[in-house]
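Trainee: May we go through this model together? I would like to start with the overall fold and then turn to a single residue.

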Amino acid sequence: YYKFNRLGRNGYRALRDNQTSNAKHLRDALKELKSEDGRPYFTMLDAGDTKGLPVVAAMLNPDLMLPFDDIDLQHQMQKYHWYVSG
């Protein structure tokens, strides 16, 4: 509510559109990551671009039986100041 009042309708819409665009870009990039045999590294858990929230939710594909898990990935991402829940 504070940001809506501070930015106004057009400013808040621009902010929301930017967040949605960034989420789409990240989601699309995660979907493109494939293992050597063509299986996706990530299973997407969010509703995609159709439900209105700029959220990306994914988990490592359990079918790949990778030698690391979501928590290991979270710790590696924290080294570069990406804060995600694992």
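Trainee: What share of the contacts with a separation of 6 or more comes from residues 24 or more positions apart?
Mentor: In this predicted model, such residues account for 24% of those contacts in the protein.

Trainee: Which elements does the protein have, and how do they run from the N terminus?
Mentor: The protein has two helices and two strands, in the order α-β-β-α.

Trainee: How does the radius of gyration relate to that of a compact globule of 86 residues?
Mentor: The protein has 16 Å, whereas such a globule would have a value near 12 Å. The C-alpha trace spans about 50 × 25 × 15 Å along its principal axes.

Trainee: And how much of the protein is buried?
Mentor: Buried residues make up 13% of the 86.

Trainee: Why does Asp46 count as buried?
Mentor: Because its relative accessibility is 19%, and the cut-off for buried is under 20%.

Trainee: What does its side chain make a polar contact with?
Mentor: The partner is the side chain of Arg27, at 2.8 Å.

Trainee: Which residues is Asp46 in contact with, leaving aside neighbours within four places in sequence?
Mentor: Those are Arg27, Val55, Val56 and Ala57.

Methods: Residues numbered from 1 in each chain as written. Predicted model: local features only at pLDDT ≥ 70, side-chain atom pairs only at ≥ 80, totals over all residues. Heavy atoms only, no water. Helix = DSSP H or I, 4+ residues; strand = E, 2+ residues; numbered from the N terminus. Rg over C-alpha atoms; globule rule 2.2 N^0.38 Å. Buried < 20%, exposed > 50% of the residue type's maximum accessible area, 1.4 Å probe, protein only. Contact = heavy atoms within 4.5 Å. Polar contact = N/O pair within 3.5 Å; in protein donor to acceptor, adjacent residues only side chain to side chain.
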